[in-house]
Amino acid sequence: MKLVKLNKDNRIKVADETLIYIDPDYLYIPVVNPNFKVNDYVFKDTLLTDNIYAGISGYIKEINKNYLVIANDFKEKSINVKKEKRTITIETILKRLAMYNSDLYNLFKSLKNTDNIVISGINDEPYVYNNIYILKDNIKEILSFLDELHELYQSNNTSLIIKNNDSKIIEECLKELGTYPSIKLTLVDDLYLLGKKEYLLNYLHIPINNTLYLTVEELVTLRNLVKYGLIDNMQYLTISGDALNEGIVLKVKKYTKLKDILVKYGDITYKDYVLVTGNLLVGHTVSPSLVITDKIKAIHVMKKRCEKEDLCINCGKCLSICPLKINILKEKKISNACYTCGLCSYICPSHINLLAKVSDKS
Ligand code: SF4
Ligand code: SF4
C-alpha cells in the first residue's frame with residue numbers, strides 16, 4: 001500500500017467559518033420531462049422528481065433539454081410539511097433509503113449487525129475541506145446520530161477519523177466525545193489516498209468486510225433523510241486556489257451556477273486564471289457556466305501556468321508511485337482499474353500530463 005505526502009502551497013488558505021449562500025437569482029435543475037410548465041409557481045419543498053426539491057420558491061422561468069430554471073422570489077416559501085424527528089429502526093432506514101438514495105441503500109441493504117462503523121472526516125485532495133467543515137458545523141448532531149447507529153447495528157468499534165493536522169476540529173471533537181464513550185476519535189497523517197475507503201481501512205487495520213464506512217457528508221445526508229425525512233437542497237463546496245485572496249467553504253443551494261457564486265464570493269486577485277473542479281492532481285477545467293451538483297465538491301481558481309512539458313527521461317517514477325502498479329506509459333486508454341488519482345502526473349519530473357495523454361488516445 002503506497003500513501004503519499006503531497007507538497008502543498010501553504011499560502012493557499014480558506015476562511016475559518018463556513019459561508020452560506022441561500023439566495024441565488026436562479027437555480028438550474030436537471031429535471032428531464034417535468035410535470036411542470038413555464039410560469040408554474042413552486043415552493044422550495046416542492047418535489048420536482050423522486051429526489052430533487054425545488055430548493056427555492058418562485059416561478060419556473062424556462063424549461064429546456066438540460067434544465068428547469070426557477071427564478072427566485074426570495075420568499076423561501078414552503079408547503080409547510082411538518083418536519084418531525086423520527087425514531088429510527090433498521091426497517092425505517094431501509095425504507096427511506098430505498099425511496100430516496102440508492103447509493104446509501106446499497107450500503108445498508110444487507111446490513112444487520114456490524115463489527116465496525118468508520119466515519120471518515122477526510123478530504124485528502126489538496127485544498128478541499130468539505131468534510132471537516134461539515135463536522136465543525138454539526139458536531140453535536142453528528143455524534144448523537146452516530147451513537148444511535150452504534151446501538152442500532154450493535155457495533156463493536158465505532159470510530160470517527162480525522163487528519164491530525166485538522167486542529168480546527170480536534171479540540172471540539174474531544175470536548176463533545178466525553179458524552180459518547182462508544183465513539184472513538186482516531187487521528188491519521190495527512191496522506192494522499194486515505195480519503196479512499198480501502199486505503200483508510202487498510203491503514204487502520206480494520207477489515208473491509210462487516211464494516212460500515214461512510215464519509216461525514218454521507219452520514220449527515222443519511223441523518224437528514226432517516227431522522228427528519230429531508231432531502232438536502234444545500235451542499236458544501238470548497239472554493240480555493242492561488243488566484244484568490246482567500247478561499248472559502250460555502251454552503252450553497254444545489255444547482256446554483258458557478259458564475260453567480262464567483263460574482264458574489266470569488267475574491268479573485270489574479271486576472272489570468274483557470275477554474276478546475278474536484279481534484280487538482282487530475283486537473284479537469286470547467287467554465288463559469290457550470291451548475292453545481294452534489295458530485296462537485298470543490299472549485300479551484302488557479303493562476304494559469306505555462307509549465308513546459310519536457311521529453312520523458314524514462315525515470316520510472318510514474319510506475320513506481322502508482323498504487324495499482326499501472327504502467328501508464330504503455331496504456332492506450334485509461335483502464336477501469338485506474339483510480340485517476342493523478343499521482344503519476346504529479347511525480348513526473350518532465351511535467352507530462354500522463355492522464356490527459358492516455359485520455360486523448362481513448
Ligand atoms: S492515475 Fe491511475 S495510473 Fe496514474 S498513478 Fe493513479 S492509479 Fe496509477
Ligand atoms: S515519470 Fe515522467 S519522465 Fe519519468 S518515466 Fe514517467 S513519464 Fe517519463
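Does asparagine 210 count as buried, exposed or partly exposed, and how many C-beta neighbours does asparagine 210 have inside 10 Å? Asparagine 210 counts as partly exposed because 13 C-beta neighbours lie inside 10 Å; a residue is buried if 20 or more other C-beta atoms lie within 10 Å of its own, exposed if 12 or fewer, and partly exposed in between, with C-beta atoms placed from the backbone. The structure is a predicted model, in which local features need pLDDT of at least 70 and side-chain atom pairs count only at pLDDT 80 or more, while totals for chains, interfaces and linings use all residues. Residues are numbered from 1 along each chain as its sequence is written, and chains are lettered from A and ligands numbered from 1 in the order in which they are written.

Asparagine 210 is placed in the loop between α6 and β11, where helices (H or I, at least four residues) and strands (E, at least two) are DSSP runs numbered from the N terminus. Its phi is near 60°, a positive value in a residue other than glycine. Histidine 205 also lies in the loop between α6 (197–203) and β11 and has a positive phi of about 60° although it is not a glycine. Histidine 205 counts as exposed, because 6 C-beta neighbours are found inside 10 Å.

Strand β11 belongs to an open sheet of 4 strands in the order β10-β9-β8-β11, with parallel pairing; two strands pair if DSSP finds at least two bridges between them. The edges are formed by β10 (183–188) and β11 (211–215), each with a single partner strand, so one side of each is left without a neighbour in the sheet. From one strand to the next, the twist averages 20°; axes are lines fitted to C-alpha atoms, for helices over the stretch in contact, and angles run from 0 to 180 degrees between N-to-C directions. Strand β9 (residues 157–163) pairs with β10 in the parallel sense over 6 bridges, and isoleucine 161 stands opposite threonine 186 in β10.

Within this sheet, 5 of the 5 residues of β8 are buried, so β8 is largely enclosed by the rest of the structure. Asn116, Val118 and Ser120 point one way from β8, whereas Ile117 and Ile119 point the other way, and all are buried. Strands β8 and β9 run parallel and are joined by 5 bridges, with serine 120 opposite isoleucine 161 in β9. On pairing with β11, β8 again runs in the parallel sense, over 5 bridges, and threonine 211 in β11 is the bridge partner of asparagine 116.

Helix α7 lies across β8 and β11, running at about 95° to β11; here two residues are in contact if their C-beta atoms, placed from the backbone, lie within 7 Å. The axes of helix α3 (residues 130–137) and helix α7 (residues 216–228) come within 8 Å and cross at roughly 45°. That makes α3 oblique to α7, since angles under 35 degrees count as roughly parallel, over 145 as roughly antiparallel, 65 to 115 as roughly perpendicular and the rest as oblique. Asn130, Asn131, Ile134 and Leu135 in α3 meet Val216, Glu217 and Val220 in α7. By class, this contact has 4 nonpolar, 2 polar and 1 charged residues, where Ala, Val, Leu, Ile, Met, Phe, Trp, Tyr, Cys and Pro count as nonpolar, Asp, Glu, Lys and Arg as charged, and the others, Gly among them, as polar. Helix α3 also lies across β12 and β13 (248–253), running at about 125° to β12.

Strands β12 and β13 are part of an open sheet of 6 strands, ordered β1-β13-β12-β16-β14-β15, with mixed pairing. Strand β12 (residues 234–240) and strand β16 (residues 298–303) run parallel and are joined by 3 bridges, and alanine 298 in β16 is the bridge partner of threonine 238.

Two ligands are present in the model. Ligand 1 is surrounded by 13 residues, the closest being Cys322, Cys338, Cys341, Leu343 and Cys344; a residue is near a molecule or strand if its C-beta atom, placed from the backbone, lies within 6 Å of it. The shell around ligand 1 divides into 11 nonpolar, 2 polar and no charged residues. Ligand 2 is surrounded by 14 residues, with Cys312, Cys315, Lys317, Cys318 and Cys348 the closest, and its shell divides into 10 nonpolar, 3 polar and 1 charged.
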